[in-house]
Amino acid sequence: MENTTEKEKIRILLESPEGEEILRHTSAHVMAQAVKELFPETRLAIGPTIENGFYYDFDTARPFTPEDLDKITERMQEIVRRAYPVVRTEMSPDEAIVFFEQRHEPYKVELIRDLMEESMVSLYAQGDFVDLCRGPHLPNTSMLKHFKLLNVAGAYWRGDERNPMLQRIYGTSFARKEGLQNHLKMLEEAKKRDHRKLGRELDLFEINETVGGGLILYHPKGAMLRWILEDFEKAEHLKRGYLPVIGPQILKSDVWRISGHYDYYKENMYFTEIEGKEYGIKPMNCPAHMMIFQSKTRSYRDLPLRFFELGTVHRHEKTGVLHGLLRVRGFTQDDAHIFCLPEQLTGEIIGVIDFVRDVMKVFGFEYTLELSTRPEKSIGSDEDWDRATLALTSALEEHRLAYTINEGDGAFYGPKVDVKIKDALGRSWQCATIQCDFTLPERFKLRYAGQDGSEHRPIMLHRVILGSLERFMAVLIEHFAGKFPVWLAPVQAVVINITDKQLSYAAEVKEKFVKAGIRTDLDARNEKMGYKIREAQIQKIPYMIIVGDREMESLKISLRSRDRGDLGTLNIESSIQDILKEIEEKRIPEDTMEIKDQGTKIKKQKIG
RNA sequence: GCCGAUGUAGCUCAAUCGGUAGAGCAACUGAUUUGUAAUCAGUAGGUUGUCGGUUCGAUUCCGGCCAUCGGCUCCA
């Protein structure tokens, strides 16, 4: 028997991040054991831990059903009750191969073949179940308490689509009941905030089967939100010396040959034909910007030149990857290309990072920076790479910005800095990215006249701040759970009359708000006030302006805030001023940051 | 693209064993004139995703396609 202090110690250890990782790993083994007991013909593949959980891949005769998950859960609980000690043994890779061949586990054998240079491999056993595993594990299966199997999915062996598809079961496991409960609550909250659900409920946008997958129809309120973001972006870019440019939707394939897209990106592009000439619908904005740079002789005095475009691009994405506004086939990027002198590069990068900082502050996002360096498959000279990487790092260092390095994760044409923002549920999203590119200036033969009178190649940065407006809107919707700050709310206020008697006064009040520049509706329907308030709350309209006899007689209004409830009877003019101030300051509602969890889901989208 | 699930009214869902579909909300009409999250009554609304097969008869069974959802893969 363990004494209490010993138990206490173990409990504390298990609650640490490392402890929970071990716990989850053992959970995966217990699940595999349960599956083997219930379906002995199943072959084991791999079962690692992931953020907040674990999974195990199985090769099965038939896919698992939700009922199977229930059975597996029951059997897991039984295995926990059986309280098997978890025993580590070691053997040489050769012995291990024989061992797993005897047990008819071909995937394990394949894994061991990659470990042949090791002198020993470790195995963990609990009861009859033995798995190849580096460990460590819990000493006993009875220590598993709070776990739940979540879903089944197909997954390729070793993540390669040429390999057979296995059945993966995802689950989660925690040392404390509250941990599990919180996590499940977070998943539920994420479901409630799902931008696809809120997009319908708030009547922002739709994706229509007849129109096509991955193509967005913005409804008036969604389009309003887009406009607000676009106006904001235009103003911010003008403040920072960007010049507007606009390229066409289709460009002759000649351009795509120059840019390299015709060779490297063709399978993601759509093509059309005009009078026998092939045109490509743009998947990126850069070639048009290159052409505009090229359109006349440029001098070093013109640089830096910052071309900005809210550029709508179309990319062929496989049907299975489409996902609401997050992964679409047509989207608009807040795209810019900065052409500069070598000595301007660091300053320009800092300028973009500052830009990102300012913008993310406005929306209330925390973020982290990641530097991605040269990948194996890449083009350009070592000098170019070194110079560009140095420019990025020195910009980060000079600004004393914390960043992590993704070795070899850069674009094939240059290194990049990605910005990962973190939403109210702790999930991260990639939005902004800054990429150095030597290829395109080369391919388009861009040049400027230097101070020395000779021609030089400018350096170019691609960058987006919000990334794709579609994606950013999705993140905003989920981050705010549809309760947008007033400045972003498509409808900022709604006038609610109590009876028909106040209709004309209500219309007057609405006019005053509208004239002041506040997006205000009038709900003149013959419904009870409570009904209209309920509807406005559900529509997450920031302010409800209530007018009854009392307000009409005193020429006042009663104001109700979506977030703070009844604010009492107020003057029209001072209410307008207060709301305008809130809009001006782009104030963020306090309750946005409700639930935090470690859940991390990274969605990337390429820029051009 | 791959594995699995799903597709019924604008939305959320129901329909026993195969016998041509029903509710709530929304919409519309009428009554009601209301004080901080749902007033009452009535009316209308459907080629059950789509194409084909089996059957006397298909929302139901089978197959193809499309789309969506959960993943995988992909994401210059």
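User: Which residues line the largest cavity?
Analyst: The lining consists of Leu 202, Leu 204, Lys 221, Gly 482, Phe 484, Ala 489, Pro 490, Val 491, Gln 539, Lys 540 and Ile 541. A cavity here is a set of points, on a 1 Å grid over the protein atoms alone, where a 1.4 Å probe fits but cannot get out, and lining residues have an atom within 4 Å of a point.

User: What are the ground rules for this model?
Analyst: It's a predicted model, where local features need pLDDT of at least 70, side-chain atom pairs count only at pLDDT 80 or more, and totals for chains, interfaces and linings use all residues. Residues are numbered from 1 along each chain as its sequence is written, chains are lettered from A and ligands numbered from 1 in the order in which they are written, and side-chain values use heavy atoms, with hydrogens and water left out.

User: Back to the cavity: what's its volume, and how does the lining divide?
Analyst: The largest cavity has a volume of about 90 Å³, taken as the space filled by probe spheres set on grid points joined across faces, edges and corners. Its lining splits into seven nonpolar, two polar and two charged residues. Ala, Val, Leu, Ile, Met, Phe, Trp, Tyr, Cys and Pro count as nonpolar, Asp, Glu, Lys and Arg as charged, and the others, Gly among them, as polar.

User: How many cavities of 30 Å³ or more are there?
Analyst: Three.

User: Switching to rings. How many aromatic pairs?
Analyst: The count is 18 aromatic pairs. Rings of Phe, Tyr and Trp (its six-membered ring) pair if their centres lie within 6.5 Å; planes under 30 degrees apart are stacked, over 60 edge-to-face, the rest tilted.
Analyst: Phe 232 and Trp 487 are one such pair: the ring centres are 5.3 Å apart and the planes sit at 55°, so the pair is tilted.

User: Where do Phe 232 and Trp 487 lie?
Analyst: Phe 232 lies in helix H8 (residues 220-239) and Trp 487 in the loop between helix H15 (469-480) and S25, so the pair ties together parts 255 residues apart in sequence. Helices (H or I, at least four residues) and strands (E, at least two) are DSSP runs, numbered from the N terminus.

User: Buried or exposed, that Phe 232?
Analyst: Phe 232 is buried, at 8% relative accessibility, and Trp 487 is buried too, at 6%. Buried means under 20% relative accessible area, exposed over 50%, partly exposed in between (1.4 Å probe, protein chains only). Ring pairs also link Phe 232 and Trp 487 with Phe 363, Phe 365 and Phe 472 in a cluster.

User: What about S27, how many of its residues are buried?
Analyst: Five of five in strand S27 (residues 543-547). Tyr 543, Ile 545 and Val 547 are on one side, Met 544 and Ile 546 on the other, and both faces are covered.

User: Which strands pair with S27?
Analyst: Strand S25 (residues 493-497) runs parallel to S27, joined by five bridges, with Val 495 opposite Ile 545. Strand S28 (residues 556-561) pairs with S27 in the antiparallel sense over four bridges, and there Arg 560 is the bridge partner of Met 544. Pairing takes at least two DSSP bridges between the strands.

User: Last one: which rings have an Arg over them?
Analyst: Arg 240 has its charged end over the ring of Phe 355, 4.1 Å from the centre. The charged end of Arg 298 sits over the ring of Phe 293, 5.3 Å from its centre. The rule is NZ of Lys or CZ of Arg within 6 Å of the ring centre and within 35 degrees of the ring normal.

Note on methods:
On a 1 Å grid over the protein atoms alone, a cavity is a set of points where a 1.4 Å probe fits but cannot get out, and a pocket is an open set with protein on both sides within 12 Å along at least five of seven lines; lining residues have an atom within 4 Å of a point.
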